[in-house]
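These are my notebook entries on a structure that I looked up. I wrote them in the order in which I consulted each region.

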Amino acid sequence: MREVLLDIILWYNLFVLLYFLLINFSYLSLLLLATDRLIYFMRRRRTRICKEEHCRLVPSVSLLVPAYNEEPTIAESVNSFLKVDYPVLEVIVINDGSRDKTLEVLKRRFQLIQASRGSAEKIKTAEVRAIYRSKLDPRLVVVDKENGGKADALNAGLNYSRSKLYAGVDADSLLERDALKRLIQPYLERDAKVLGLGGIIMPANDSVIKDGIVIEPRVPRKFLPAMQVMEYIRAFLGGRSGWSKLNSLLIISGAFGLFERKEVLKVGGYRTDTVGEDMDLVVRLHRKMREEGKKYKMVFVPDPVCWTQVPESQSVLAAQRNRWQRGLIETILHNWKMMWNPRYGMAGMIGMPFHFFFEMLGPVVEFSGYALLVVAWILGIVNWKFALVFFVLAVVFGVLLSLFSLLLVEFTTRKYHRSKDVLKLVLLAVLENFGYRQLLSWWRLTALFGVQRRKKSWGQMKRTEFVTQEAK
Amino acid sequence: MGFLEEFQNWAVPLALVLIALLGGILMALFLTYVISLYRHAREDAYVRRNQLRWLELVKRLFEGTLRYADVKLSRRERPWIRELLIDAFFRQEFECSWDADRQRDSFAELKIQPSCEERVRTIYNALGFLKEDMRGLGSRSWWRRVKAVERLEDMGFVEAEDALLRLLSDKRPEVRFAALKTLAAFGSKRFYSQVGEIFSASSSWSYLYLVNILYYARLPVEVLEPLARSDNPYLRKAAATLLGRKGEAKSVSLLAKLAEDGVEEVRREAIASLARTGSAAAIPVFWRRLQDESPQVRAAIAQGMGELDQLVFLQKLSSDEEFDVRFQAFAALSHLGPLGREVIVNYKGKYKDLAQEFLRLEPQKGGSHA
């Protein structure tokens, strides 16, 4: 019996080692691809192609802002969205049956009046109670509807939008003033049909905000939000830039992504039976275009920034990560047909398998490894030398990936200027390997068991007002 | 099983080798990061330390109290002074002075200079920056070529026209686009003959970008005519957009033809452009297309009618079967002042919500409700 167990443990060790090497080298390759992409974009940005006077005849854009219990931040966010510098813009806030005073705040702050707006009802949604428009700024439309979830709210927004393009943005976010102009650039200069564009999301907690604009980004003081800065940098600048280069970008964040409305309507809008509606939409768009044999691009633009509030408490962060992971799993399973199917190009041959093996199964492999270590320890067969070396290797890889991402930030966007923040980021790049990453993996692992039973609803995050403060 | 027994024996050295390798890379990355941070900080400090000196230097050159020959610039400070001059050049478009908010008071007396534009350009040239930019046009790096083109545009060096025309056939689209943008900004006419070729050589997807650039070049109707008559709907659509400029009566006949195009987007663009021309000759065209099968074209007519103050047409479109068309017609009516609002009042029975919405809204100056 002991012999068999020993064999199992050894075989599994070998498997984990290979898996570990494969996953880390894949991330490293993505980072290298991202470097190339980022350098191109930064050179492009320096050349200021889209200057004011050459950016007038641009496609119209609707900002769709689904809102559920956003009373503390909604006024500031909408204010920030209306200040976005873009010639043909409308802002559609969809109040998804909020139980707090989200609608009242909007009515008061923007002097809403009841409006009529024909909806083609292209997508079925929960009942729309009323449509409002702002007397102060007619570009602001508010759709008040029964609660149906984020995806349902976005679908309602799509029904009422009149623009060629739309961008889904979270109601607790702030957009940089020229974010849309920078995001639309690849759409204007495209050499193939661009279906979707994604920008960077960065945590706004503790940053200096004035008049709805982040004037001095800062790394949050609290540990959890600070860790998320590092994580967002790695995910956006490292991961998504790399995927964009491979034209296998499967995730464009729901917090800031631009799409062609017509194409999204063609695939039936957002699926309401998943919590990962943003990833699911992108994957279905890939699928549709590939099935129709059309050339297209999904582009990540590593420059326009959307600032958002990230969870500060462990329970909220756990719930958020659990939701993200469930979304990933549901999307992969729903679009399983694409897996290793050459018909779906790089998205099917590389993107989907990567997300399945590394993003979805990663936590399973990691925790089964820990479990086996405990079993081996009980049996007294742990090779401590091997375990230690393996742990050091994991940390070195982790720090390497994070530091590489930080370096990309330094050479490209340079968002954080205070030396205190830079030092903090370097420290976080090391510290996140001791506990934080394992915690994230655990939350992701628990999601695997909750895919079927969890309700598809809004994530509950305790909203706090954006703090407007003066720079010190 | 021998393999398994041996596994941990070779796995440890393998992991150690990897650690050493990755550790090396990590150290290199860390060093690069630190060096980069240091260089950025040093550069920032350098600029802060020297900014006033550079301002003083430019000011003296500007006043003529310092001879160009006496100015010796280091490699490091040249880009900063160049940026300073470009900045100065831009500012003088308004009042030929430095913005007091930027606390460059020492430079405030520039206000009294009669021709800042020419002086700044002369200094730029005398310090060798123009020569550098011209050299930059032939750089092997595409972004350096683009950057040089943009600086020439910033400084308005129209003498670079020949070199820019050559760049229209550059292998990088970024360079071609930048050159075209600059030529358009210079008001050059020599690229007109290449417009068709520029559109054909670019992807059909980037036509919107080209249209954005060329719209401000105010291309003559004769140049756009071949595009308008092209078999390619993208080119016809581009022509329809580019023809729509205020006071261009000559373009109306061509736009009238495009308004009958078989492609909906071309018709819609032509209608919008006809409205932009502000010509009364557009009205019969609108009348003909009033029953267009596409609601988007009819909505464009409603918008256009608003711009041409055509109340009767708008009354007709206000009861269109499509909401979008009615919406646009009501929006246009609300811009027409009391008369338009009177028409809206008449629809309070038929389209109560829509009418009330526009009656409640304040008329927007210059903006659209839609």
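This is a predicted model: local features need pLDDT of at least 70, side-chain atom pairs count only at pLDDT 80 or more; totals for chains, interfaces and linings use all residues.

**Entry 1: Lys237(B)**

I located Lys237(B) in helix α11 of chain B.

I then asked what the side chain of Lys237(B) makes a polar contact with. The partner is the side chain of Glu265(B), at 2.5 Å. Leaving aside residues up to four places away in sequence, I listed Tyr207(B), Glu265(B), Val266(B) and Glu269(B) as the residues that Lys237(B) touches.

**Entry 2: α10(B) and α11(B)**

I next examined the helix that carries Lys237(B), namely α11 of chain B. I found that the axes of α10(B), residues 221–228, and α11(B), residues 233–242, come within 8 Å and cross at roughly 150°. Angles over 145 degrees count as roughly antiparallel, so I recorded α10(B) and α11(B) as roughly antiparallel to each other. I noted the crossing of these two helices as left-handed.

On the α10(B) side, the contact is made by Leu224(B), Leu227(B) and Ala228(B). On the α11(B) side, I listed Leu235(B), Arg236(B), Ala239(B) and Leu242(B). By class, I recorded six nonpolar residues, no polar residues and one charged residue in this contact.

**Entry 3: Chain B as a whole**

How many helices and strands does chain B have? I recorded 19 helices and zero strands. Of the 370 residues in chain B, 52% are buried. I also consulted the sequence separation of contacts in chain B: among those between residues at least 6 apart, 61% join residues at least 24 apart.

**Entry 4: Ala299(B)**

I turned to Ala299(B), which is found in helix α15 of chain B, residues 295–307. Its relative accessibility is 12%, and Ala299(B) therefore counts as buried. Not counting residues up to four places away in sequence, I found that Ala299(B) touches Asp324(B), Val325(B) and Gln328(B).

**Entry 5: Two helix pairs in chain A**

I moved to chain A and took α11(A), residues 362–379, with α14(A), residues 436–448. They pack at an angle of about 110°, with their axes 9 Å apart. Since angles of 65 to 115 degrees count as roughly perpendicular, I recorded α11(A) and α14(A) as roughly perpendicular to each other. Their crossing is left-handed.

I listed the residues that meet: Pro363(A), Val364(A), Glu366(A), Phe367(A) and Tyr370(A) from α11(A), and Gln438(A), Ser441(A), Trp442(A), Arg444(A), Leu445(A) and Leu448(A) from α14(A). The classes in this contact are seven nonpolar, two polar and two charged residues.

For the second pair, I took α12(A), residues 384–411, and α13(A), residues 419–431, which pack at an angle of about 155° with their axes 8 Å apart. That makes α12(A) roughly antiparallel to α13(A). I recorded the crossing of α12(A) and α13(A) as right-handed.

I found this contact to be made by Val399(A), Ser402(A) and Leu406(A) of α12(A) and by Leu425(A), Val426(A), Ala429(A) and Val430(A) of α13(A). By class, these residues divide into six nonpolar, one polar and no charged.

**Entry 6: Burial of α4(A)**

How many residues of helix α4 of chain A are buried? For this helix, residues 150–160, I recorded 11 of its 11 residues as buried. Among them are Lys150(A), Asp152(A), Asn155(A), Asn159(A) and Tyr160(A).

**Entry 7: Positive phi in chain A**

Most residues other than glycine have a negative phi. Gln111(A), although not a glycine, has a positive phi of about 45°. I located Gln111(A) in the loop between α3 (102–110) and β3 (112–115) of chain A. With a relative accessible area of 39%, Gln111(A) is partly exposed.

I noted a positive phi also at Trp340(A), near 50°. Trp340(A) lies in the loop between α9 (314–334) and α10 (345–360) of chain A. Its relative accessible area is 48%, so I recorded Trp340(A) as partly exposed.

Key: Residues are numbered from 1 along each chain as its sequence is written. Chains are lettered from A and ligands numbered from 1 in the order in which they are written. Side-chain values use heavy atoms; hydrogens and water are left out. Axes are lines fitted to C-alpha atoms, for helices over the stretch in contact, and angles run from 0 to 180 degrees between N-to-C directions. Helices (H or I, at least four residues) and strands (E, at least two) are DSSP runs, numbered from the N terminus. Angles under 35 degrees count as roughly parallel, over 145 as roughly antiparallel, 65 to 115 as roughly perpendicular and the rest as oblique. A crossing is left-handed if the near helix is turned anticlockwise from the far one by less than a right angle, and right-handed if clockwise. Contact means heavy atoms within 4.5 Å. Ala, Val, Leu, Ile, Met, Phe, Trp, Tyr, Cys and Pro count as nonpolar, Asp, Glu, Lys and Arg as charged, and the others, Gly among them, as polar. A polar contact is a pair of N or O atoms within 3.5 Å; within protein, one must be able to donate a hydrogen and the other to accept it, and residues adjacent in sequence count only if both atoms are side-chain atoms. Buried means under 20% relative accessible area, exposed over 50%, partly exposed in between (1.4 Å probe, protein chains only).
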